[in-house]
Amino acid sequence: MLTVTLTRISNTHHTFDYKRPDGRGEMLTLETKSFLFHDLLHFAVESEAGLTDSFYAKLERSESYAALTGPDVRYEGEIGLTEKIVGGLTKGVEFLFKKNKIDWIKGTARLAGKGTVEIVDGEKQTLRAKK
């Protein structure tokens with residue numbers, strides 16, 4: 001089984017560390033804004049759909065991350081289908097955030113009481129629900 005660990009290393013970057021069943025893999029540093037949400041959606045779509053020839057399945061079968069994401073890569077078959085789905089979902093969420101004037105606040109948070117969230121890492125702030 002492929003294991004993937006995503007670790008926040010700053011407000012702008014995270015690591016994408018994957019290990020194959022044989023122990024091989026690699027750790028990459030990626031820009032969080034561009035990759036994290038996209039990678040998580042890919043994993044969710046592929047897992048729930050039981051796909052066997054998409055990004056994470058290919059990554060498990062010895063393809064390198066670069067071989068699956070380079071500028072000359074043509075997305076066909078399952079990987080192309082999931083890329084279309086994930087791309088559409090990502091753009092849809094971005095559109096809804098903008099349309100509804102929702103701020104995306106990055107950081108680590110904790111519940112600080114009824115209707116209150118405290119951002120404790122990143123841009124520290126306390127947020128309170130209006131209702």
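**Threonine 116 and its surroundings**

Let's start at one residue. Setting aside neighbours within four places in sequence, threonine 116 is in contact with Arg110, Leu111, Thr126, Leu127 and Arg128. This is a predicted model, so keep that in mind throughout.

Where does threonine 116 sit? It lies in strand S5, which covers residues 116–122. Is threonine 116 buried or exposed? Its relative accessibility is 12%. The cut-off for buried is under 20%, so threonine 116 counts as buried. Across the protein, buried residues make up 24% of the 131 residues.

Now the overall layout. The protein has four helices and six strands. Along the sequence the pattern reads β-β-β-α-α-α-α-β-β-β. The C-alpha trace spans about 50 × 30 × 25 Å along its principal axes.

Contacts next. Take the pairs at least 6 apart in sequence. Of those contacts, 34% join residues at least 24 apart.

Then the surface. The protein exposes about 9,100 Å². Carbon and sulfur atoms supply 56% of that area.

Charges are quick. There are 20 positive and 19 negative side chains. The centres of the two sets lie 10 Å apart.

Last, confidence. The average pLDDT is 84, and 97% of the residues score at least 70. Which strand has the lowest confidence? That is strand S4, residues 107–111, at a mean of 78. Confidence is highest in strand S3, residues 25–31, at 92.

Notes. Residues numbered from 1 in each chain as written. Predicted model: local features only at pLDDT ≥ 70, side-chain atom pairs only at ≥ 80, totals over all residues. Heavy atoms only, no water. Helix = DSSP H or I, 4+ residues; strand = E, 2+ residues; numbered from the N terminus. Buried < 20%, exposed > 50% of the residue type's maximum accessible area, 1.4 Å probe, protein only. Contact = heavy atoms within 4.5 Å. pLDDT = per-residue confidence, 0-100. Areas by Shrake-Rupley, 256 points an atom, 1.4 Å probe, with all protein chains shown as cover. Lys, Arg positive; Asp, Glu negative; His and termini not counted. Charge placed at Lys NZ, Arg CZ, Asp CG, Glu CD.
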